[in-house]
Structures are given as C-alpha cells and as structure tokens.
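Hi,

Here is the structure I promised to pass on.

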Amino acid sequence: MTPAVLLAVLGAALLHASWNTLLKRRGEPLLATVLVVAGSAGVAIVLLPVLPAPARDSWPFIAASGAVQTIYYLLLIETYRDGQVSHAYPLMRGCAPLLVALINGPLTGDRLSAGQWLAMLLICGGVLGQWLAAPAAGARRTTVFALLTAGVIATYTLIDGQGVRLSGAPAAYTLWIFLLTGSCVCAWTARGRMRLLVSFARENPLVAPLGGLASVGSYGIALWAMTRAPVAAVAALRETSILFATAIAAFILRERIGRARLAAVTLIACGAVAMRLA
C-alpha cells in the first residue's frame, strides 16, 4: 500500500469517526442517522450531473450495493434503537473486515500478504478489544443486530470492491450508491416520523450537510483506495476510525478512557503501522 493510499484511507477513517461522533452528540442517533443519509443523497444530487457516468458493467453492482446498504441502515437503526453506540459500533466494525478478508481471497483471488494479514488481525483485535473493554449489560438484542450488521457491511464491501474497479469513475459510482440508498432509507424511515424528523432537522441544521459530506467523503475515499490496494487491506485499515473516535471522545467529549481501552487503541495503531510496512 503506497503512502498516498495509506494517508487517504486514514483520512477516510477520521471522517467516518467524525460523522458517527456527530450522531452521538446530537442525542437522537436514529433521527440523526436519517438526516446524515438524506444529506449524503443531497450531495449526490448536486455532484452527479457534473461527473462522468460509471461504466455499464458496474451498474449491477451499484444496484446490488444500494439494496444491501439500505438493509445496512435499517439494521443500524434497529441496532441503536435500544443499544449503546459504544457497544455496537466496535463489534460491527471489528467483525466486518475480518469477514471480508476470509471471503474475498477465495472469491476474487485478491490475496493478502502475511504482513497484511498480521496488520488486519491487529486492527480487528483492537476494535473488538474496544467493545470487550466496556461490555453493556443485558445487550443480547444489540449484539445480535450488530453481528447481522457486520455481515451486511462485509457484503457491500465485497460488492463495491469489485464494482468500483469496473466503473472507471469511483466518485460517480459512490454517489449513485448514496443517492439510491438515501432515497430508500428516507422513504422507509420517514413513515409516521415526518413531523419529528422535520423538528429535529430545524433544531440541528448542520447534521445533514456536515454528516452527509463526511459520510460521502469517507466511503468515496475508501472505494477509490480499493482500486489501488487489496479490498481487505483497505477495509481493515478503515477501521482505524475507532482510534480517531477514541481521541475525539477523550479530548473533545471529555470521556474517561480506561487502560483496557487504551490497550485496544494501541493495537489499532500498531496495525496501521504494520499495514504501511507490509
């Protein structure tokens, strides 16, 4: 993985941590999630007319990814309905790249080196360690939905890892997915919640534009990186978002970070270094 790709994926991880922290700070993660998805669709509407269209061969992947990512957001809403973000997020993000690595090699022949496997396992171990450091009591339902969500994340990552390489236009490929996903999610979740959603949007006018830009930027950079590096390596390195999320929690949200969580963050940092050296 070249230094440029490495830095780009780390930037994507920072953006991902930022918009997820935005959900937490708003106090209404369900409504904030819908606004972020709507903002992402809005970004797509503005930019798609000035971008070249993806290649014809990539459109089935766009359709499949849009459908799977719609399921992802609906599962995410269910995961966060009664559960804590700090419990579910590390579990989802830690399991997904491991699933990608296990499936992607036999499926596509896109294999990792021994060093990349080590780096990926360090990152995944650190992310899962974050979850184990602060387990939530009575969270079976959240755990089940988080594991289902991890499977869906792995699925759309595998789809997009192939589709974006066929597209010839990573930016437009990404934006079409966000437009399809945003339209479906907003139509599904707005039923019976429109007044509440409008009220929340008025009280938090920056959630949709800032969250939408960060979400599009984060995933767009990751998909671009997948055209230049192994999909599983990018998927694992992107989970350094937990490292940035922990730093934001400590220095901005003033949350207390215990020794176990610091140890998990150290594993993630070691994994990022190992990915660069692999």
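**Annotated spans**

The unreviewed UniProt entry annotates "transmembrane region" at residues 30-51, 58-77, 114-134, 141-159, 171-190, 206-225 and 231-253. UniProt positions are in the numbering used here, feature names are shortened, and annotations may be inferred rather than shown by experiment.

Before the details, some housekeeping. This is a predicted model, where local features need pLDDT of at least 70 and side-chain atom pairs count only at pLDDT 80 or more, while totals for chains, interfaces and linings use all residues. Residues are numbered from 1 along each chain as its sequence is written, and side-chain values use heavy atoms, with hydrogens and water left out.

I checked two of the annotated spans. Residues 141-159 are 100% helix and 0% strand, with the end C-alpha atoms 27 Å apart. For residues 206-225 the figures are 95% helix and 0% strand, and the end C-alpha atoms lie 28 Å apart. Helices (H or I, at least four residues) and strands (E, at least two) are DSSP runs, numbered from the N terminus.

**Aromatic rings**

How many aromatic pairs does the structure hold? There are 5. One of them joins Tyr156 and Tyr219 edge-to-face, at 5.7 Å centre to centre and with 85° between the planes. This pair links distant parts of the chain, since Tyr156 sits in helix 6 (residues 140-167) and Tyr219 in helix 9 (residues 207-226), 63 residues apart. For the cut-offs: rings of Phe, Tyr and Trp (its six-membered ring) pair if their centres lie within 6.5 Å, and planes under 30 degrees apart count as stacked, over 60 as edge-to-face and the rest as tilted.

Tyr156 is buried at 4% relative accessible area, and Tyr219 is buried too, at 5%. Here buried means under 20% relative accessible area, exposed over 50%, and partly exposed in between (1.4 Å probe, protein chains only). Ring pairs also tie Tyr72, Tyr73, Tyr156, Phe178 and Tyr219 into a cluster.

Gly151 is in helix 6 as well, but it is partly exposed, at 24% relative accessibility. Its C-alpha is 10 Å from that of Arg93, 58 residues away in sequence.

**Helix 11 and what follows**

In helix 11 (residues 241-251), the buried residues include Ser241, Ile242, Thr246, Ile248 and Ala249. They are on the same side of helix 11, because they cover an arc of only 160° around the axis. That arc is taken from the directions from the helix axis to the C-beta atoms.

Arg256 is in the loop between helix 11 and helix 12 (259-277). Arg256 is exposed, with a relative accessible area of 82%. From Arg256 to Thr246 is 10 residues in sequence and 9.8 Å in space, C-alpha to C-alpha. Val265, in helix 12, is buried at 11% relative accessible area.

**On the surface**

Leu99, Leu102, Ile103 and Leu107 make up a nonpolar surface patch, with about 370 Å² of accessible area together. Like charges are joined within 9 Å, and nonpolar side chains (Val, Leu, Ile, Met, Phe, Trp, Tyr) within 5 Å. Areas come from the Shrake-Rupley method with a 1.4 Å probe, and for residues only the protein chains shown count as cover. Ile103 belongs to helix 4 (residues 85-108) and is partly exposed at 40% relative accessible area.

Cheers

Note on methods. Patch = residues over 30% accessible without salt bridge, like charges linked within 9 Å, V, L, I, M, F, W, Y side chains within 5 Å. Salt bridge = Lys/Arg side-chain N within 4 Å of Asp/Glu carboxyl O.
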